[in-house]
Amino acid sequence: SQENELERDSNIFSPLSDLRVLGVTVFLAGPYTMVNLARLGAEVIKVEIPGSGDPVRGNGPFASKNAYEKIQSSPEHLSTRFLKRSQGLKSVTLNLKSDRGREMFLDLANQSDVLVENLSPGAMARLGLGYEEVSKVNPEIIYASISGYGQTGKYASHKAHDPQIQGMSGIMDINGDPDGPPTRIGFYIGDLVTPIFACYSILAALKERDKTGKGQHIDVSMMDTLTSLMLMDNLEELLHENVTLRQGNGTRTGPTGLYNLVDGDITITVASDEQWKRLSKALNRPDFLTDSKFATFDQRNKNVVDAKEEIQKSLSSFSRKEALELLEFHGVPSGVVRTIDEVIEDSHFWDRKTFLPMKSSAYIDPVPGIASGFPVKFSYGELPELDGAPVLGVHNKEIFGRLLNLQVDDLTDLETRGII
């Protein structure tokens, strides 16, 4: 009702506003975990190396007030990659290799609910800031470690980023054309899906802490995440049946896939006998139901090449608009294959705040670029609006003053000594 809509607009849904998250995170998986917690209202503090920060800060292009630049001409011109991965975060700088830096970090951890890190396994422990050390000062902390292969196991010490994880997980083996090479998925799926598992595992651990008062260490593996998702498909059965796992734009179950029309491509899903009947009516192909090669789900799987060829013949003269209207009228799941330009220009995503203006702490107005919004809507109200990605160390005064009671003179001395 209109009344409910008005109430929703006036409410801010900030369920994690009572939580503080401390993070030593770099590149993508760790920062994206922190961004998601910030989206839900948590105060999220990113600890960075004095003078340089997250390595991604150095990767151009860089966003000035109104344009992109290839070379960073000011510390306020932040890397576009860093901007996307750091919306809503607060940045402090600390030299964790110094005794005073470690002491300050443990003081911050003592006042935090969650710690997120995605350094190489063992790196935090070598700094004296592993779970064992942190839990001594704060037994209730939820300490989440994200890594390529996990904190244990025979691969734990191996260096890994998303490309290695896509290869090691097996996901590249099932992606690409049947007669082509293993193919990487076109975005950092390991780096972006793993944080979602990390986040709801953190929330589960917090819920358990509410009951027991105890914190715990969460070990999140990128490879395990992708492999566990991949095996939601019946791959072991298909291997036993010698089915080619790599199917390009098709699937391993029938003639679902991509079809070429006069003005572009569409996808069609035909994953059941009922959907096959609807497709038969839509395309005026009663022979789809009488031909023994296509009569059942199993037969269509066995003769999938022939089935796809027949569907393609029937669709070749259609435009995308004509085909979609016909297929939708008959209840056949279908959709246009869009370009990224078309997606960015679609008002749907801006209206639902899936896309947001890019914000930087250096400027009041948005900078060039598109920020990713939270893709879930809550009936209670809107999620809090995030602050822009932080200039390196911009929150030193606020955080160290509020949480560690350090004054301006103290901070000047720490900066002089290379601690912040």
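In strand 4, Glu 69 is the bridge partner of Phe 62. This is a predicted model, in which local features need pLDDT of at least 70 and side-chain atom pairs count only at pLDDT 80 or more, while totals for chains, interfaces and linings use all residues. Residues are numbered from 1 along each chain as its sequence is written, and side-chain values use heavy atoms, with hydrogens and water left out.

Strand 3 (residues 62–63) pairs with strand 4 over 2 bridges, in the antiparallel sense. Here, two strands pair if DSSP finds at least two bridges between them; strands (E, at least two residues) and helices (H or I, at least four) are DSSP runs numbered from the N terminus. The open sheet has 3 strands in the order 4-3-5, with antiparallel pairing. Its edges are strand 4 (68–69) and strand 5 (78–79), each of which pairs on one side only. Strands of a sheet pair through backbone hydrogen bonds, either parallel or antiparallel.

**Backbone details in loops**

Between strand 2 (43–48) and strand 3 runs a loop that holds Pro 61. A cis peptide bond links Gly 60 to Pro 61, with omega at about 5 degrees.

Where else might you look? Phe 27 sits in the loop between strand 1 (20–24) and helix 2 (29–39), and Asn 405 in the loop between helix 18 (396–404) and helix 19 (408–416). The table gives a positive phi for each of these non-glycine residues, along with the relative accessibility (buried is under 20% relative accessible area, exposed over 50%, partly exposed in between, with a 1.4 Å probe and protein chains only).

| Residue | Phi | Relative accessibility |
|---|---|---|
| Phe 27 | near 65 degrees | 33%, partly exposed |
| Asn 405 | near 55 degrees | 58%, exposed |

Is Glu 310 buried or exposed? Glu 310, found in helix 14 (residues 304–315), has a relative accessible area of 19% and therefore counts as buried. Leaving aside neighbours within four places in sequence, Glu 310 is in contact (heavy atoms within 4.5 Å) with Arg 285, Phe 288 and Phe 294.

Helix 16 (residues 340–345) contains Ile 344, which is partly exposed at 33% relative accessibility. Together with Ile 340 and Trp 350, Ile 344 forms a nonpolar surface patch with about 280 Å² of accessible area in total.

Key
Patch = residues over 30% accessible without salt bridge, like charges linked within 9 Å, V, L, I, M, F, W, Y side chains within 5 Å. Areas by Shrake-Rupley, 256 points an atom, 1.4 Å probe, with all protein chains shown as cover. Salt bridge = Lys/Arg side-chain N within 4 Å of Asp/Glu carboxyl O.
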